[in-house]
Amino acid sequence: MTSLDRAFQKKQQAEKILNELQLIEKWNTIGECYIVGATAYDLIVTPDIDLETFCDEIHPQKIMQELVILVANPNVLELKYHDYSKSDFDGHYFKIIYQAEETEWTIDMWLFSNKRNGALSRDLVPFMKAHLTSETREIILDIKEALIERQEDYSSIFIYQAVLEFGIKNVEDFLLWTTTHPTTVPFHWQPKLAK
């Protein structure tokens, strides 16, 4: 099985979880919800789903009233909330841990104001979907898997940048690339394609 096959299976699992919990529908009751990150790009390696929701008026308690109902689901192991509105992230963070058979999935959910400035995963989705190919998708997945095997931890955004903008093809070249490029978050990548 290739890394593309494994990512496809994980994407199907992620969609099943989102449908079971009705998370998109719940978030859409208070704003506009977007699937972002690896789930949006078909690049899931670790069991993780990312959502961003945008609204005019921020009331975290409204969505928490919807999310707290989910703890009655025996597969929902944990629900957390943290106010990051006074930090560089400038948002409200919610997290669900969901048990799907043998695997614990992390569902990271952010609530942002429509007026928020700065890096947003939502803004990368159109670029990534337009420019990812089967080849670059497989390179990214192979690098992500190799980093896990090596117990190296980098935010996926840097892998995407290295492959799509700098033409990196493997984990060794990626690790070399990290020695001359910033790899700390928050980070605002303005995508450009490799020449």
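In the predicted model, the side chains of asparagine 73 and glutamate 20 are joined by a polar contact of 2.8 Å. Asparagine 73 is placed in the loop between α4 (60–67) and β3. A polar atom of the asparagine 73 side chain also lies 2.8 Å from the backbone nitrogen of asparagine 75. When neighbours within four places in sequence are left aside, the contacts of asparagine 73 are with Glu20 and Leu21. The relative accessible area of asparagine 73 is 16%, under the 20% cut-off, and the residue is therefore classed as buried.

Glutamate 20, the partner of asparagine 73 in the side-chain polar contact, falls within helix α1, which spans residues 3–21. Helix α1 lies across strands β1, β2 (48–55), β3, β4 and β5, and runs at about 65 degrees to β5. A further helix, α5 (residues 121–131), packs on the sheet and touches β1 and β2. The direction of α5 makes about 55 degrees with that of β1.

The sheet itself is open and consists of five strands in the order β1-β2-β5-β4-β3, with mixed pairing. From one strand to the next, the twist averages 20 degrees. Strands β4 (residues 92–100) and β5 (residues 103–113) run antiparallel and are joined by nine bridges. Tyrosine 98 has tryptophan 105, in β5, as its bridge partner.

Notes: Residues numbered from 1 in each chain as written. Predicted model: local features only at pLDDT ≥ 70, side-chain atom pairs only at ≥ 80, totals over all residues. Heavy atoms only, no water. Pairing = 2+ DSSP bridges. Helix = DSSP H or I, 4+ residues; strand = E, 2+ residues; numbered from the N terminus. Axes fitted to C-alpha atoms, helices over the stretch in contact; angles between N-to-C directions. Contact = heavy atoms within 4.5 Å. Buried < 20%, exposed > 50% of the residue type's maximum accessible area, 1.4 Å probe, protein only. Polar contact = N/O pair within 3.5 Å; in protein donor to acceptor, adjacent residues only side chain to side chain.
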